[in-house]
Amino acid sequence: MNALELTDAAITQVQKLVNEKDGAIALRIGVKAGGCSGYQYIFEYESDTNADDILVSYKGANIIVDQTSMNMLMGSTVDYVESLAGSEFTITNPNSTVQCGCGKSFN
């Protein structure tokens with residue numbers, strides 16, 4: 001088991017988005033203070049890594065996570081969901097004790 005798991009749908013979407021974004025090498029997944037529950041997830045294109053970054057490749061889908069965020073995301077599963085309301089990456093995080101109704105912030 002990896003520290004962070006990606007579903008097949010998430011892998012496919014990361015590959016697609018990074019290939020479409022000029023200069024991007026990976027999708028950064030992170031955590032920052034904010035949101036209605038204390039922390040919120042971030043998803044950004046990244047063209048370089050920092051000293052404290054972890055670069056992981058899942059079947060050719062490159063993900064960058066900084067060490068602090070990885071500590072909060074350990075054991076999480078990233079999925080990509082499409083619905084009538086739109087499409088988005090979602091995170092199932094076993095470390096969160098409270099999650100807001102929209103699923104974008106946690107504590």
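## Strand pairing

Two strands pair if DSSP finds at least two bridges between them. Strands here are DSSP E runs of at least two residues, and helices are H or I runs of at least four, numbered from the N terminus. β6 and β7 meet that rule: seven bridges join them, and they run antiparallel. The two strands form a hairpin with two residues between them. Serine 83 has glycine 86 of β7 as its bridge partner.

β6 also pairs with β1. These two run parallel, joined by three bridges. Leucine 4 is bridged to serine 76 in β6.

## Model and overall layout

The model is predicted: local features need pLDDT of at least 70, side-chain atom pairs count only at pLDDT 80 or more, and totals for chains, interfaces and linings use all residues. Residues are numbered from 1 along each chain as its sequence is written, and side-chain values use heavy atoms, leaving out hydrogens and water.

The chain holds two helices and eight strands. Their order from the N terminus is β-α-β-β-β-β-α-β-β-β. Of its 107 residues, 36% count as buried (under 20% relative accessible area; exposed is over 50%, partly exposed in between; 1.4 Å probe, protein chains only). Take contacts (heavy atoms within 4.5 Å) between residues at least 6 apart in sequence: 51% of them join residues at least 24 apart.

## Helix α1

α1 spans residues 8-20, 13 residues in total. From first C-alpha to last it reaches 18 Å, close to the 18 Å expected at 1.5 Å a residue. That expected span is 1.5 Å times one less than the number of residues.

Ala10, Ile11, Gln13, Val14, Leu17 and Val18 of α1 are buried. They lie on the same side of the helix because they cover an arc of only 170° around the axis, taken from the directions from the helix axis to the C-beta atoms. Asp8, Asn19 and Glu20 are exposed, on the face turned away from the buried side.

## Nonpolar core

A nonpolar core is a set of buried Ala, Val, Leu, Ile, Met, Phe, Trp, Tyr and Cys residues joined through side-chain atoms within 4.5 Å. The largest one has 22 residues; Leu4, Ile29 and Ile63 touch the most other members. Elements giving two or more residues to this core are β1 (4-6), α1, β2 (26-33), β5 (61-66), α2 (67-73), β6 (76-83) and β7 (86-92). α1 supplies the largest share, five residues.

Leucine 4 touches Ile29, Tyr58, Ile63, Val65, Met70, Leu73, Ser76 and Val78, leaving aside residues up to four places away in sequence.
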